[in-house]
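Dear colleague,

I am handing over the structure below, and my notes on its strands and on the surroundings of the ligand follow it. Please read them with the model open beside you.

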Amino acid sequence: MKVKVNKDACIGCGACAAICDEVFEINDEGLSEVKVEENKEKEEFVSVKEELQDEVRDAADSCPTGAIEVEEGQEEEEKAA
Ligand code: SF4
């Protein structure tokens with residue numbers, strides 16, 4: 001499973017970080033971003049560890065603007081961050 005935050009849609013409410021602070025953090029601009037070093041500057045999907053996937057789904061469901069995009073896939077086994 002992969003996730004990304006659409007910064008154009010994020011309003012910085014903090015719900016995602018409250019639900020799963022291992023994946024989401026509020027950056028200096030007050031917007032959420034996915035915590036993975038090599039993807040920090042990119043708007044690309046980031047792989048999610050299996051044990052965090054339920055929390056990421058909860059966060060996506062809880063986001064008031066639908067800014068969190070989840071892509072279910074098989075490659076998480078090899079690329080999990
Ligand atoms: S829950 Fe959605 S709107 Fe709120 S900080 Fe996270 S991505 Fe942004």
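Lys2 of strand S1 (residues 2–5) has Ser47 as its bridge partner in S4 and Glu71 as its bridge partner in S5, where strands are DSSP runs of E of at least two residues and helices are runs of H or I of at least four, numbered from the N terminus. This is a predicted model, in which local features need pLDDT of at least 70 and side-chain atom pairs count only at pLDDT 80 or more, while totals for chains, interfaces and linings use all residues. Residues are numbered from 1 along each chain as its sequence is written.

S1 runs antiparallel to S4 (residues 46–47), to which 2 bridges join it, and pairs in the antiparallel sense with S5 (residues 68–71) over 4 bridges; strands count as paired if DSSP finds at least two bridges between them. In S5, Val70 stands opposite Val3. The 3 strands form an open, antiparallel sheet in the order S4-S1-S5. Because S4 and S5 stand at the edges, each with a single partner strand, one side of each is left without a neighbour in the sheet.

S1 has a covered face, with Val3 and Val5, and an uncovered one, with Lys2 and Lys4.

As for the ligand, 15 residues surround it, and the closest are Cys10, Cys13, Cys16, Ser32 and Cys63; a residue is near a molecule if its C-beta atom, placed from the backbone, lies within 6 Å of it.

Best wishes

Terms used
A residue is buried if 20 or more other C-beta atoms lie within 10 Å of its own, exposed if 12 or fewer, and partly exposed in between; C-beta atoms are placed from the backbone.
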